[in-house]
Amino acid sequence: MSASVQTLVNQPYKYGFVTDIETVKIPKGLNEEVVRLISAKKEEPEFMLDFRLKAYRKWLTMAEPDWAALGYPEIDYQDIVYYSAPKAQEKKQSLDEVDPALLETFEKLGLPLSEQKRLTNVAVDAVFDSVSIATTFRADLLKHGVVFCSISEAVKEYPELVQKYLGSVVPVGDNYFSALNAAVFSDGSFVYIPKGVKCPMELSTYFRINSADTGQFERTLIIAEDDSQVSYLEGCTAPMFDTNQLHAAVVELVALENADIKYSTVQNWYAGDENGVGGIYNFVTKRGLCKGKNSKISWTQVETGSAITWKYPGCVLVGDNSVGEFYSVALTNNCQEADTGTKMVHVGKNTRSTIISKGISAGRSSNSYRGLVKIGPNAEGARNYSQCDSMLIGDNAAANTFPYIQVQNPGAKVEHEASTSKIGEDQLFYLMQRGISMEDAVSMMISGFCKDVFNQLPMEFAVEADKLLSLKLEGAVG
Amino acid sequence: MGSSEVILSVKGLTASINGTPILKGVDLEVKAGEIHAIMGRNGSGKSTLSKVLAGHPAYEVTGGEVLFHGEDLLELEPEERARKGVFLAFQYPLEIPGVSNLDFLRASYNARRKEQGLEEVDAFDFDDVVEEKLDVVKMDAAFLNRSVNEGFSGGEKKRNEILQMALLEPSLGILDETDSGLDIDALRTVSEGVNQVANENNAMVLITHYQRLLDYIKPGFVHVMYDGRIIKTGGKELALELEEKGYDWIDEKLAAGVA
Ligand SMILES: Nc1ncnc2c1ncn2[C@@H]1O[C@H](COP(=O)(O)OP(=O)(O)O)[C@@H](O)[C@H]1O
Ligand SMILES: [Mg+2]
């Protein structure tokens, strides 16, 4: 394919700036002392320190997984800063007290936090490096009984809830990265929706990594009580550095009877340059527990950034008739590598899951779908439908699909469909022969390919996601 | 007729693909109101000529000139040529999964209108525009909501091409074997569609193997393409002669040096 399609994918990364701000850091390296120091800095209760230490000790016994279709140099865990916070960061009562440089940073990211400018129907928790700097609409939400705050605050203000649910979906020793996260996580969001409440607005957390040598280990916990409903969105960006940064998050969702949680992600971490220098290593564990009958958890993700993506948001369908969904668009370009998919574990009767995965690979990138569908012996009447489509742009990109299907109940029904297509020169020529520019032709084809997933995103973000993909692909075709 | 405007003027056009010369000096002049037919053996370069005129990036033009309404066509990007009124009905129309036919038609229609300095048409008004054109090719509206050409039969794809031509009202329509693979009813429908679009202000170039298309669409000029050149031009009777005597007849004439 000629040069013009290539230039189309290679749009410069808009969010690559660094905020110049004084920070307090715990020096590089990880040992028990560092874990204790993080807990002390955050003035945590005893149970949290115990949780962290247990995780740290577990982590020491574990080995980094190597089964994913990813190739990256060994990570030196002693060369990472595990805690970095803007100086004098006490959580402010009002935004007026927040460092203007931080407000400006979020404004530049299209996320104004100040009262006058902020989005009207979306509450935002803004996390900068290791700490949450502001949560909007907190008081308004509380009037409905909805708790939306940073996890650090939740540890202090709602210790019973945190103690009950933290680690209940992703146990401390679940995997190497989740153990690491449990030991050193610094911040993240906490959401609690009480019984019978439909959350009155979209909730969202925006993660920003700023410091070069800092890892981000955020932890999110969402609890939806019986008959409640919430839609939550996370976004993320990072500056352009020529070194790699580690991001190892854990997200846990708990849905009780008839509860409905929709969790959407638009991931736009810095992906490294066209030669694969720099970029975020994104190792994330996300899991939802459909604990109650008729509960539902839906994951929608648009993954466009990161040098390396290792991520399998899943659902454990325990409650009878519960529903798990996974809608994913993963785009890789240049030297990016993504190994992503989902795990749907059917435990209860008549549980249903749907998996729609769309992988787009351009440049020399590699994009793998890895999905597990497991139907337990008691999951009478369980059903799964999976569809995994790959699209290749150019001749040097790779796509793989690794479906794992384990069925222990003979009455279950599992369907899997897969396809691979290519944006070919002749298709582009056809559209151009009808007067459509190459940029528009590519974005029409990409939007069409991703339609089933974008339809799942909250309205405002669906448009954003569509634009984001077009931007990312600028230069990839031609 | 002699004084009508020259739409397309091709002189000494040579082009190659991957370094292999395919077009070896094509001369062709097409005026407003004219219908031309280009015939010739498989592999003689007919599709290549149509794609080079439309600006396919895989072909390299190595010599000659092409003027479209007096303007250097070869300087323009494929989408610019299209917007200015060059339309190619593809021999093998492509399938574009996930892109609705209706959205595609509207994007294309608006791109052409914008070029003509006309206002773009919104989705609502476009429904009426397209409705009317569906009749031209007797196409069912259900096709509009499907992905572009995806799962269309051969004949449906060709109808969709003519629907697009009817919408875009090109100045020059190049139809590459639009008749191939059509049953007799479809052939009649498609031909009638072309006849509805053709008028004294535009021109049509039909690439075909078969005389039968020319029963429906009457060309004023018939050209024979041979090894990358147009080696013979005549009236309608040339098509009949070719049908009767086959292309070997051309070979013999060439051998005798009289073609
Ligand atoms: N990609 C290509 N590489 C090399 N030769 C090609 C390529 N495409 C077409 N050709 C050759 O160009 C010649 C003309 O092809 P074409 O224009 O399709 O002929 P026609 O339409 O008259 O049947 C043929 O000999 C064909 O093999
Ligand atoms: Mg041909």
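## A bridge within chain B

B:Arg41 and B:Asp248 pair up through their side chains in a salt bridge, 3.0 Å from N to O (a side-chain nitrogen of Lys or Arg within 4 Å of a carboxyl oxygen of Asp or Glu). B:Arg41 sits in the loop between β3 (35-39) and α1 of chain B and B:Asp248 in helix α9 (residues 248-256), so the bridge ties together parts that are 207 residues apart in sequence. Helices (H or I, at least four residues) and strands (E, at least two) are DSSP runs, numbered from the N terminus. B:Arg41 is partly exposed at 32% relative accessible area, and B:Asp248 is partly exposed too, at 45%. Here buried means under 20% relative accessible area, exposed over 50%, and partly exposed in between, with a 1.4 Å probe and protein chains only.

This is a predicted model: local features need pLDDT of at least 70, side-chain atom pairs count only at pLDDT 80 or more, and totals for chains, interfaces and linings use all residues. Residues are numbered from 1 along each chain as its sequence is written, chains are lettered from A and ligands numbered from 1 in the order in which they are written, and side-chain values use heavy atoms, leaving out hydrogens and water.

## Where the chains meet

On the chain B side, 32 residues are in contact with 17 residues of chain A, contact being heavy atoms within 4.5 Å. Together the two chains bury about 2000 Å², with 66% of it on carbon and sulfur atoms; buried area is the accessible area (1.4 Å probe) that two parts lose on being put together, summed over both.

How many salt bridges run between chain B and chain A? The count is 1, and B:Glu161 makes it with A:Arg434, the closest N and O atoms being 2.7 Å apart. α3 of chain B gives the most to the side that touches chain A, with 5 residues.

## Bridges in chain A

Over all chains, the whole structure has 25 salt bridges. One of them pairs A:Glu43 with A:Lys156, with 3.6 Å between the closest N and O atoms. This pair links distant parts of the chain, from the loop between α2 and α3 to helix α6 (residues 151-157), 113 residues apart. A:Glu43 is exposed at 58% relative accessibility, while A:Lys156 is partly exposed at 46%.

Another salt bridge joins A:Glu252 and A:Arg219, at 2.9 Å between the closest N and O atoms. A:Glu252 lies in strand β11 (residues 250-255) and A:Arg219 in strand β8 (residues 219-224), so this one ties together parts 33 residues apart in sequence. Both A:Glu252 and A:Arg219 are buried.

## Inside chain A

Chain A has 11 helices and 23 strands, and 63% of its 478 residues are buried. In helix α8 (residues 176-184), 9 of its 9 residues are buried. At the start of α8, a side-chain oxygen of A:Asn175 comes to within 2.9 Å of the backbone nitrogen of A:Phe177.

A:Asn175 also makes a side-chain polar contact of 3.0 Å with A:Thr285 (a pair of N or O atoms within 3.5 Å; within protein, one must be able to donate a hydrogen and the other to accept it, and residues adjacent in sequence count only if both atoms are side-chain atoms). A:Thr285 is in strand β13 (residues 279-290) and is buried, at 5% relative accessible area.
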